[in-house]
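Q: Please give me a close look at one part of this structure. Then tell me how that part sits in the rest.

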Amino acid sequence: MRTLRVATRRSALALTQTNYVVERLKQVTRGVDFELVPIRTRGDEIVDRALSEVGGKGLFVADIEEALATGRADLAVHSLKDVPFELRDGLTIGAVPRREDPRDALISRTGQGLFDLPPGARVGTSSLRRQAALRRLRPDLVVATLRGNVDTRLRRLEEGQFDAIVLAASGLHRLGLSDRITEYLPVDRFVPAVGQGALAVECRAEDDEVMQCLAAIADPDATRAVEAERAFLSRLEGGCQVPIGAYAEPVGRDLRLLAFVADPSGSHCLQLERTAADARALGIALAEEALRQGAADWLRPGRGD
Ligand SMILES: NCc1[nH]cc(CCC(=O)O)c1CC(=O)O
């Protein structure tokens with residue numbers, strides 16, 4: 001019997017996601033054992049600064065990729081939105097499983113929705129995309145930086161440091177905290193981050209046995225949607241410290257891609273939409289439209305959601 005070692009971060013959300021993937025893999029394999037390899041990443045250690053300042057989301061992934069590349073682990077489960085476009089040499093995304101809720105969610109202390117919060121209310125988020133979307137919808141709110149894992153963020157709301165916070169609905173669902181959500185922010189007003197709600201299972205590209213196991217848990221709709229979203233992001237130069245969102249979903253046989261790009265100073269933003277059959281071509285075409293409409297002037301190195 002082969003034992004597959006699964007690298008995972010140690011946060012409650014990471015462990016829940018990893019256990020979900022291991023359970024799915026147990027349903028489609030026989031004679032395979034799974035063992036977790038918990039890893040502390042630099043992204044988990046640095047919690048006092050915005051990620052966009054310290055090297056971006058790649059910090060969560062690099063130490064896990066090291067474990068895969070050196071053979072300490074055979075597969076790893078990531079939140080897809082944390083995975084950079086360029087993977088380490090020799091590694092690949094073997095599966096994108098069924099996607100969780102892609103939406104952002106607002107949790108407020110008083111139970112007021114986004115449009116009921118009083119002027120000057122403090123809303124916590126550290127994602128540049130969420131900051132830009134909030135500024136566009138409610139320029140009268142005060143947006144303040146909030147980082148840390150889901151429990152930390154909820155605690156800081158309860159302590160009164162914020163009147164409301166914005167988090168990914170998927171993380172709350174996975175942690176059994178859906179009842180805390182005050183309001184779901186619709187995807188066409190608050191375009192989700194690329195890959196939000198989806199998982200990426202990464203492995204060594206030449207490990208045929210693992211690749212076969214992973215193919216059995218891949219979800220075709222999620223895979224195709226994420227391909228369009230990531231093509232959009234990469235055409236806007238992969239790692240840009242610009243607020244960017246993109247969300248694709250099937251419409252009949254086609255895919256509809258919604259995208260949001262804002263200028264980092266918050267004075268301009270674009271929201272675009274296009275429908276087509278080929279996921280990658282769709283992502284690239286919509287990115288080119290965004291560049292033509294002004295996004296070309298806003299791009300800077302780095303990335304932040
Ligand atoms: N920014 C950090 C991060 N990376 C992945 C998730 C979980 C969301 C997901 O499943 O995509 C979160 C938390 C959040 O954005 O609230």
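A: **Val 201 and its surroundings**

Leave out residues up to four places away in sequence, and Val 201 touches Val 21, Leu 75, Val 77, Ile 93, Gly 94, Ala 95 and Leu 214. The model is predicted. Val 201 belongs to the largest nonpolar core, a set of 80 residues. Within that core, Val 201 is among the residues with the most contacts. Phe 232, Ala 246, Leu 257 and Ala 259 are the others named there. In soluble globular proteins, nonpolar side chains tend to be buried together.

Now step back by one residue. Ala 200 is placed in strand 10, which runs over residues 199–204. Ala 200 is buried, because 24 other C-beta atoms lie within 10 Å and the cut-off for buried is 20 or more. Beyond four places in sequence, Ala 200 touches His 78, Leu 80, Val 83, Ile 93 and Val 96. Leu 154 is 46 residues from Ala 200 in sequence, and 26 Å away in space, C-alpha to C-alpha.

Next comes the ligand. Gln 196 and Gly 197 are part of the shell around the ligand. Ser 79, Lys 81, Asp 82 and Glu 100 also surround the ligand. So do Leu 167, Ala 168, Ser 170 and Gly 171. By class, the shell holds two nonpolar, five polar and three charged residues. Two elements each supply at least two of the shell residues: strand 8 (164–168) and helix 7 (169–174).

The domain assignment of the chain gives domain 1 (2–97 + 198–218), domain 2 (104–185) and domain 3 (229–297). Domain 1 and domain 2 each give at least three residues to the shell around the ligand. The centres of domain 1 and domain 3, taken over C-alpha atoms, are 26 Å apart.

Turn to helix 5, residues 128–137. Seven of its 10 residues are buried, so helix 5 is largely enclosed by the rest of the structure. The buried ones are Leu 128, Arg 129, Arg 130, Gln 131, Ala 132, Ala 133 and Leu 134. Take Arg 130, which lies in helix 5. Arg 130 counts as buried, with 27 other C-beta atoms within 10 Å. Setting aside neighbours within four places in sequence, Arg 130 is in contact with Asp 104, Thr 125 and Val 166. Ala 193 is 63 residues from Arg 130 along the chain, yet their C-alpha atoms are separated by 8.9 Å.

Ala 69 lies in helix 4 (residues 58–69). Ala 69 is partly exposed, with 14 other C-beta atoms within 10 Å. Arg 129, in helix 5, is 60 residues from Ala 69 in sequence and 32 Å from Ala 69 in space, C-alpha to C-alpha. Arg 147 sits in the loop between strand 7 (142–144) and helix 6 (150–158). Arg 147 counts as partly exposed, with 17 C-beta neighbours inside 10 Å. The C-alpha atoms of Arg 147 and Ser 267 are 24 Å apart, and the two residues are 120 residues apart along the chain.

Last, the whole chain. The chain has 10 helices and 13 strands. Its radius of gyration is 19 Å, close to the 19 Å that the globule rule gives for 305 residues, so the chain is as compact as a globular protein of that length. The C-alpha trace spans about 60 × 45 × 35 Å along its principal axes. Of the 305 residues, 44% count as buried. Consider contacts between residues at least 6 apart in sequence: 73% of them join residues at least 24 apart.

Terms used:
Residues numbered from 1 in each chain as written. Predicted model: local features only at pLDDT ≥ 70, side-chain atom pairs only at ≥ 80, totals over all residues. Near = placed C-beta within 6 Å. Helix = DSSP H or I, 4+ residues; strand = E, 2+ residues; numbered from the N terminus. Nonpolar A, V, L, I, M, F, W, Y, C, P; charged D, E, K, R; others polar. Domains from an automatic or database assignment. Core = buried A, V, L, I, M, F, W, Y, C linked by C-beta atoms within 7 Å. Buried ≥ 20, exposed ≤ 12 C-beta atoms within 10 Å, placed from the backbone. Contact = placed C-beta atoms within 7 Å. Rg over C-alpha atoms; globule rule 2.2 N^0.38 Å.
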